[in-house]
Amino acid sequence: MPWWLRAAALVGTGVALLPLAYLVVRAAQYPPGDFIDVVFSARSGRLAVTSLALTGAVTALCVAVGVGLAVLVTRIRVRGRLALGVAAALPLAIPSYVAAFGWQSMNALISPGTTFEGFAAAVLVITSVTYPYVYLPAVAALVAVDPGQEEAARSLGRGPVITFFTVTARQAAPAITAGGLLCAVYVIADFGAVSILRVDTFTRAVFTSFSMGFDRLGGIALSSVLLVFTLCVLTAEGRIRRTGTRYASLSGASRTRPELLDVGRWAAPAALLGWAPVVVGLGVPLCALGVWSAQGVSRPGSIGEILAALGSSLWAAGAAAAATTVVAVPLGLWLARRPTVLARLLERTAYLAHSLPGVVIGLSVVMLGITVLPGLYQTMWLLTLAYCTLMLPLALGPVLASALTAPPELEDAARALGKSPLLAYARVTLPLMFPGIISGALLVLLTVIKELPATLMLRPTGFDTLATRLWTYTGNESYAAAAPFAALLVLVAAVPAWMMISRLLKEVR
């Protein structure tokens, strides 16, 4: 593998991970006593209790709702099963802060003068858009279970319920647990919903430390605690992934679909119960957006404001997609051709940075800009750097997959014909990787459009995206003005969600 390709991978990945390294360096510069006082203060204790309680409550509910829906869709004969299977995954297209806005604005329509906020409201709202993270892997795992094992258990005298818990559920447990831990990471990192609903968690406190008086020590100390929480969850997820029990198939390649259970008169109540979380996750936010959007679009100048915010979102997302892809291609080729210890370390560190809350990455880039790169502060350059740190794995995954399918023998043949290594990669390897590169770039683009905390911290003056305009109007309780921006965000986010749902539909037919 050419040295310049390894150098490009090191430089690009190093730049993308610079904010994470800077956060660690800055934390080490403060006096240990002051740092420990902030970490173990009464305020940090209250934030820890609230954050952990919210994470635990949402994760438990997501597991219950997601597994229940997956069982209903894959194992029980109910009317409208396929429609429910698709609809149950659609809340994935609604960002949590859009859902919070929808619930809060609907409350203003139904019960003027009252408030919809607090811990219970946050649990309801975040659960309603997060349970698909458990539902989707649970469906995939239940569909993959070999029916031959279930038939063998029933032939030994076990009923369908006992068979499900002793055979089926045990095989799906690793996927369900991984989905639950993914929900936990999502809740720990959530900023928009808890801020709109006024729940004090670590992410909201870090942003407040930045925006109100700029408490650098408080922001860095709280970010460090948040980093530890995230590392604990990721470590648990990694251990479960490595130690998950694997089961052999008894039916071979021609195995049949699992037999659906006929529950008789309980089919209708089961279907209604299955549609309940879908109505909560989709119905309330979409109804609120529909009602308020009609009023918001009719405001003078609203169309121009909406189009300007959409253009800014696409510009920021396009720059992020291009920069992140440029960083991901050399690292993906390095991992595919020479998966050294250093290359794998860079890959794992990139995934860790992606799992961190955007508010932590945003704070570290702000500190970097103020103290090291003041000329770039509040410019698109630093905002794009934050996006690269957050989104690198999204581009790296498809790029690596496409690089693994590009035969290295073709590069050798090109060099044997007199082409330089650079031309061999440019004319042979990159065209073969093109579908993966485009897929990664599109995934980054669609994800950046929804990103909120880092954009709020780092956007240039006067630069407003769909997410930041929604945030501004929601803070002022201008629901009609905010609704069109929220509606556009949902439409854009529906694209990757529909791609996932289409695959799900093929599996549950």
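## Aromatic cluster and pairs

Rings of Phe, Tyr and Trp, the last represented by its six-membered ring, are paired if their centres lie within 6.5 Å. In this predicted model, Phe 101, Trp 292 and Tyr 479 form one aromatic cluster. The structure holds eight aromatic pairs.

One of these pairs is formed by Phe 191 and Phe 207, with 4.8 Å from centre to centre and 50° between the planes, a tilted arrangement. The pair links distant parts of the chain, its members being 16 residues apart. Phe 191 lies in the loop between α10 (160–189) and α11 (192–196), whereas Phe 207 belongs to helix α12 (residues 202–211). Phe 191 counts as buried because its relative accessibility is 2%, under the 20% limit. Phe 207 is likewise buried, with a relative accessible area of 13%.

## Nonpolar core

The largest nonpolar core comprises 159 residues, and Val 98, Tyr 135 and Leu 470 have the most contacts inside it. Helix α18 (residues 380–405) supplies the largest share of this core, namely 16 residues.

Leaving aside residues up to four places away in sequence, Val 98 touches Leu 289, Leu 470, Ala 486, Leu 489 and Val 490. Leu 470, one of these partners of Val 98, is itself among the residues with the most contacts inside the core.

## Ala 276 in helix α14

Ala 276 is located in helix α14 (residues 267–297). Because its relative accessibility is 32%, Ala 276 counts as partly exposed. Between Ala 276 and Ala 88 the C-alpha to C-alpha distance is 9.7 Å, although the two are 188 residues apart in sequence.

Key
Residues are numbered from 1 along each chain as its sequence is written. This is a predicted model: local features need pLDDT of at least 70, side-chain atom pairs count only at pLDDT 80 or more; totals for chains, interfaces and linings use all residues. Side-chain values use heavy atoms; hydrogens and water are left out. A nonpolar core is a set of buried Ala, Val, Leu, Ile, Met, Phe, Trp, Tyr and Cys residues joined through side-chain atoms within 4.5 Å. Buried means under 20% relative accessible area, exposed over 50%, partly exposed in between (1.4 Å probe, protein chains only). Helices (H or I, at least four residues) and strands (E, at least two) are DSSP runs, numbered from the N terminus. Contact means heavy atoms within 4.5 Å. Rings of Phe, Tyr and Trp (its six-membered ring) pair if their centres lie within 6.5 Å; planes under 30 degrees apart count as stacked, over 60 as edge-to-face and the rest as tilted.
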